[in-house]
Each structure stands twice: as structure tokens, then as C-alpha cells.
Amino acid sequence: MWLIMAVLSAFFAGITSILAKCGVRETDSDVATALRTTVVLIFSWLIVFIVGSFKTISEIPLKSLIFLILSGAATGASWIFYFKALSAGDVNKVVPIDKSSTVISVLLAIIFFNETGNLAVKLTATALLAAGIYLMVEKKQSSGEKQGVRWKLYALLSALFAAMTSFLAKIGITDVESNLGTAIRTVVVLVMAWLIVFMKGKHTQLKRINKKELAFISFSGIATGASWLCYYYAIQKGIVSVVVPIDKLSIIVTVIFSYLVFKEKLSKKAFAGLLLMVCGTLAMAVWS
């Protein structure tokens, strides 16, 4: 079941990137992050009440609560930088860099969680992922991309905080029902997102948001919520060094839809990189 959940997490995450890109064409990235997080929060707590896990909230150990909060803070930072990267760069360039969090997550799982089964396979697969990411990050700038390298910096920071999220969440969610853990983390992300919006004085832009983009941001939030619920169930029940790479297969969904929606084509080099990432992920999932 945790493998199925990991695959579903990848599918919803892939859709999320496309919907998010559609929602930040004119809308400020910080405002979009805050709105999207609000939708995820509602979605997450609705699931908590449906499955009845709210009654266990008083039983959460202090250690788990602290790590869930830290995980939520890392997620918030990752989202903020990810949206900034999407608003400035092409989806097909931003997403591969963001997926580099896989490499860091796998190494952390091996070091701290002692997930050393089939270590040679995991390290080889991780190397394939790293090589694939490098090939997919095109140096040539497209005509629709803003000048500068800010989007690369934002994407790298997004990846770093995303890797920290998986590590912290594994510890925090150990003795907590996965849906409840996800909902608690979302509260932290929401507070961070709206705090940034008001600190920068961007709350005045809420009245001017394009309704079409608002719809895309909302759907992105729903997709994110679904991805999170599946992902953290898989993290809790499964093997982190396997779940994380499977989740990153969302890049396939993203590449397909980025071509259909934004007409973003892959070069031969980038396509070779994508194949390496898929091979590395499948190797880790099948033989780990």
C-alpha cells in the first residue's frame, strides 16, 4: 500500500507544478503560496476529521510535535522559493533542480535512518539521478524566461529545504497518524506564508488577483494536499530512500503537461537526463 501511495503522491505532485505555473503568470509568488497553502490546510484538516484522527492530537509526543513544526517550517521555505523559481524560469528547468532534493534525502536516510539495504544499488541509483538532473538543467536561456540566474538560486534553495522536510518529517511522524501530522505541518506553513505576505505589504494585491489564476492556485492547493497525504502515509509506513525517489517521478507528469500546456520542449540532452532520472528512480524502487 505504501508503494501505491508513493506513486499517487508523484502523480498529484506532477499536476501541482503545472497548475502552480498557471497561477503565477501575473499573481505575485508569495501571495500565490499563501493562497495555495490555505486550500491545502482546509483539505488536510477535512481529511483529519473524516478519518477521525483528530481525537489523537492530545497523545502526540512533544518530540514528534517539535519535529513536525520544524518540518512544516522547512516546507514553507521550500514552497516560497519554489514559487519564486516558477515565476521566473521555465517549468522544465526549475523542476529538475528542485528534484535534486532526492539525492540529499537518500543520503540523509542512509546516514541517519540506517537504510543501508542494497547500499550499492541506492548509491548507483542516486548517482544516476544526480547525472540526470545535471543534464536536464539547460544552460541556454529560453526566450520566455526572465534574465538572470535568480530562478536557479531559488530552485536550489527549494531543493535544500525540501530535503530537510523529508528528514524532519520522518522523525516527527513516527508516532503520529499520518493525516494528522500532515495537517499540523500545514498550519506552520500557512503561518509562514501569510506572515511573509503581510510583512512585504503584498496583502493589498489580494483584491486584484485574476479569477482564472485564483482557480489554478486553488486546484494546485488541492493537488498538493492529495500529494502530501499520500506521501506522508508512504513515508510513515515505507522506506524513505525508496519513497522519496518514487515521489520524484512526478517530473514525468510535469514534463508531459509542460509540453501540452506551455509548449516547453526538451532538448536531446535534457531528454537523456530525464531517462537517467527515471532509471535511477526505478532501480531504487525495485531493488532496494
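In the predicted model, helix α5 is followed by N114, a residue with a positive phi, near 55°. The helix itself covers residues 101–112. The buried residues of α5 are S101, T102, V103, S105, V106, A109 and I110.

Confidence in the prediction was examined next. The mean pLDDT of the chain is 82, and 94% of the residues score at least 70. Among the elements of the chain, helix α8 (residues 178–199) has the highest mean pLDDT, 89, whereas helix α10 (residues 240–247) has the lowest, 74. Over residues 140–147 the pLDDT is below 50. Beyond near neighbours in sequence, this stretch has 14 contacts in the model. Where pLDDT is low, the predicted coordinates should not be read in detail.

The largest nonpolar core comprises 53 residues. Those with the most contacts inside this core are W45, V94, L180 and I251. When its neighbours within four places in sequence are left aside, V94 is in contact with Y82, A85, L86, G89, W151 and A155. Another core, of 17 residues, lies apart from the largest one and includes V40, A169, I173 and V240. In soluble globular proteins, nonpolar side chains tend to be buried together.

Charged side chains were then considered. A search of the whole structure finds four salt bridges. In one of them, D28 pairs with K202, the closest N and O atoms being 3.1 Å apart. This pair links distant parts of the chain, 174 residues apart: D28 is in the loop between α1 (2–23) and α2 (29–51), and K202 is in the loop between α8 and α9 (211–237). Both D28 and K202 are buried.

K202 also forms a salt bridge with D30, with an N to O distance of 2.6 Å. Because K202 lies in the loop between α8 and α9 and D30 in helix α2, this pair ties together parts that are 172 residues apart in sequence. The relative accessibility of K202 is 13%, so K202 counts as buried; D30, at 2%, likewise counts as buried.

A salt bridge also joins D30 to K84, and here the closest N and O atoms are 3.4 Å apart. D30 lies in helix α2 and K84 in helix α3 (residues 62–88), so the parts tied together are 54 residues apart in sequence. K84 is buried, with a relative accessible area of 15%. Salt bridges link D28, D30, K84, K200 and K202 in a network.

Terms used:
Residues are numbered from 1 along each chain as its sequence is written. This is a predicted model: local features need pLDDT of at least 70, side-chain atom pairs count only at pLDDT 80 or more; totals for chains, interfaces and linings use all residues. Side-chain values use heavy atoms; hydrogens and water are left out. pLDDT is the predictor's confidence in each residue, from 0 to 100. Helices (H or I, at least four residues) and strands (E, at least two) are DSSP runs, numbered from the N terminus. Contact means heavy atoms within 4.5 Å. A nonpolar core is a set of buried Ala, Val, Leu, Ile, Met, Phe, Trp, Tyr and Cys residues joined through side-chain atoms within 4.5 Å. Buried means under 20% relative accessible area, exposed over 50%, partly exposed in between (1.4 Å probe, protein chains only). The expected span of a helix is 1.5 Å times one less than its number of residues.
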